[in-house]
Amino acid sequence: MRSEPGGSGPAAGGAPLPHGGEPADATDPALETVRPGQPTPGRAARVGPGADEGLADPDDAGRRQRYELWMRRALEIAVTGPDTAATADDIPVGAVLYGPDGAELATGRNERELTGDPTAHAEVLALRRAAERLGRWRLDGCTLVVTLEPCTMCAGALVLARVSTVVFGAWEPKTGAAGSLWDVLRDRRLNHRPEVYGGVLETETAAVLRAFFR
């Protein structure tokens, strides 16, 4: 996850981290004094769960290239995926779930307007379809690639499905739950914390969303 200068805590010359110096959960009330006004934990001196934990190495060229390739597939689903004409009123977000071997298991594109289903986000649809295909709800070892930072609902579903890695494109400062507004995916109070790799092809994924809202 990207990090920008500023914020509080030892890294920024502010107050020491709570809990004896161990990175705390970004939603912990004890952090209210070090994150006034709920600044984005992923962008300002991150003090959320595992500041250096569970993050893909940005210098790992092989992994970066693989995730960029997979993100382009998610972009394809968002822009030209199945039933795109029918989902023209839905925000163009695409998601692809890959198995431990890198094989594509399922895809999803927002269908809230099309179906009238408030839970029909791209990530949730991909999880449902993959689980149906595999015949189980546990998706251990799988990687979910989505063009927009997951919301709280989707982040919660990803944790419950035991997805191992979450890769997302554009940041969502209004509803993002992977480091922007909340950090559900690495909340230490939960029984599973996926590895998170954010901002992959951020320019391209954000451009698709900006074009939709014009």
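**Loops, and what surrounds them**

Mentor: Leu201 is buried, with a relative accessible area of 10% (buried means under 20%, exposed over 50% and partly exposed in between, with a 1.4 Å probe and protein chains only). A word on what we are looking at: this is a predicted model, in which local features need pLDDT of at least 70 and side-chain atom pairs count only at pLDDT 80 or more, while totals for chains, interfaces and linings use all residues. Residues are numbered from 1 along each chain as its sequence is written, and side-chain values use heavy atoms, with hydrogens and water left out.

Back to Leu201, then. You will find Leu201 in the loop between β5 and α5 (helices, H or I of at least four residues, and strands, E of at least two, are DSSP runs numbered from the N terminus). The phi of Leu201 is near 50°, a positive value in a residue other than glycine. Most residues other than glycine have a negative phi. Arg162 is another case, with a positive phi of about 65° although it is not a glycine. Arg162 sits in the loop between α4 (152-160) and β4, and it counts as buried at 15% relative accessibility.

Pro194 belongs to the loop between β4 (165-170) and β5 (195-197), and with a relative accessible area of 1% it is buried.

The protein has five helices and five strands, which follow one another from the N terminus as α-β-β-α-α-β-α-β-β-α. Of its 214 residues, 49% count as buried. Where residues at least 6 apart in sequence are in contact, 62% of those contacts join residues at least 24 apart (contact means heavy atoms within 4.5 Å).

Of the 23 lining residues, the closest to the centre are Ile91, Leu148, Glu172, Thr175 and Leu209. Two elements give two or more residues to this lining: β3 (143-148) and α5 (202-213). By class, the lining has 12 nonpolar, three polar and eight charged residues (Ala, Val, Leu, Ile, Met, Phe, Trp, Tyr, Cys and Pro are nonpolar, Asp, Glu, Lys and Arg charged, the others, Gly among them, polar). Here a pocket is an open set of points on a 1 Å grid where a 1.4 Å probe fits, with protein on both sides within 12 Å along at least five of seven lines, and lining residues have an atom within 4 Å of a point.

Now for the side-chain pairs, where the count comes to eight salt bridges (a side-chain nitrogen of Lys or Arg within 4 Å of a carboxyl oxygen of Asp or Glu). Arg73, Glu76 and Glu104 are linked in a network. Within it, Arg73 meets Glu76 at 3.1 Å, N to O; both lie in helix α1 (residues 61-80), three residues apart, about one turn of the helix. Arg73 also meets Glu104 at 2.9 Å, N to O. Glu104 lies in strand β2 (residues 104-109) and Arg73 in helix α1, so this pair ties together parts that are 31 residues apart in sequence. Arg73 is partly exposed at 25% relative accessibility, as are Glu76 at 40% and Glu104 at 31%.

Strand β2 also holds Thr107, which counts as buried at 16% relative accessibility. Leaving out residues up to four places away in sequence, Thr107 touches Arg73, Ile77, Ala95, Val96, Leu125, Ala126 and Arg129.

One more loop is worth a visit. Asp117 and Arg128 form a salt bridge at 3.7 Å, N to O. The pair links distant parts of the chain, 11 residues apart: Asp117 in the loop between α2 (112-115) and α3 (122-134), Arg128 in helix α3. Asp117 is partly exposed at 23%, and Arg128 is partly exposed at 40%.
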